[in-house]
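Biologist: I would like to go through this model step by step. Please give the cut-offs as we go.

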Amino acid sequence: MAMNFFSTISSQQWYNLDKWEYKKAEDETWRSCNLPNSIYNILNSDGFIENPYWQDQEVKIAWVDEQTWLFRTRFDLDTALLNSSTIESEFEGLDGYAEIYLNHSKILVSVNSFRNWRTECKNLLLEKNNLL
């Protein structure tokens, strides 16, 4: 998943957030994954479910939809971007229902899969070790 930051310094800067982890909300263990992706493809790749698109698998994997899934990544930003007067982040491809937290502060609630989301986030960003 790429995260786009818009600032007053430049029209846009892309940060490729490629070190994602996921887990079921009540689990302790975080597992590596690649985004963008669906939880079904991720669970299939990790051997937790069979191919979700084959025959009657949707019945066998209905439990997946009943769970809350968490995803996280950490990233650093350069000083030039942080010195901007405003910084907005853009999210593409979120699930229909998603809450986005940046450094433990909720910045977005998504209720629609078919749009991009943009939110101001300058006051929450750090130079190092941001948690999304």
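Biologist: Which strand gives the largest share of the lining of the second largest pocket?

Modeller: This is a predicted model, where local features need pLDDT of at least 70 and side-chain atom pairs count only at pLDDT 80 or more, while totals for chains, interfaces and linings use all residues. Residues are numbered from 1 along each chain as its sequence is written, and side-chain values use heavy atoms, with hydrogens and water left out. On a 1 Å grid over the protein atoms alone, a pocket is an open set of points where a 1.4 Å probe fits, with protein on both sides within 12 Å along at least five of seven lines; lining residues have an atom within 4 Å of a point. Strands are DSSP runs of at least two residues and helices (H or I) of at least four, numbered from the N terminus, and the largest share here, three residues, comes from strand E3 (residues 20-24).

Biologist: What is the volume of the second largest pocket?

Modeller: Its lining includes Tyr22, Lys23 and Lys24. A volume is the space filled by probe spheres set on the grid points, which are joined across faces, edges and corners. For the second largest pocket this gives about 160 Å³.

Biologist: How many residues in the lining of the largest pocket are nonpolar?

Modeller: The largest pocket has a volume of about 1200 Å³ and is lined by 30 residues, with Trp69, Leu70, Phe71, Asp95 and Ala98 nearest its centre. Ala, Val, Leu, Ile, Met, Phe, Trp, Tyr, Cys and Pro count as nonpolar, Asp, Glu, Lys and Arg as charged, and the others, Gly among them, as polar. The lining has five charged residues, six polar and, as asked, 19 nonpolar.

Biologist: Is Ala62 buried, partly exposed or exposed?

Modeller: Ala62 is found in helix H3. Buried means under 20% relative accessible area and exposed over 50%, with partly exposed in between (1.4 Å probe, protein chains only). Because its relative accessible area is 36%, Ala62 is partly exposed.

Biologist: How many disulfides does a search of the whole structure find?

Modeller: Cys33 is buried, at 8% relative accessibility, and Cys121 is buried, at 0%. A disulfide is a pair of cysteine sulfur atoms within 2.5 Å. The number found in the whole structure is zero.

Biologist: Which element has the lowest mean pLDDT?

Modeller: pLDDT is the predictor's confidence in each residue, from 0 to 100, and the chain has a mean of 86. Over residues 1-11 it stays under 50. Strand E4 (residues 31-33) has the highest mean among the elements, 97, and the lowest, 47, belongs to strand E1 (residues 2-7).

Methods:
Contact = heavy atoms within 4.5 Å.
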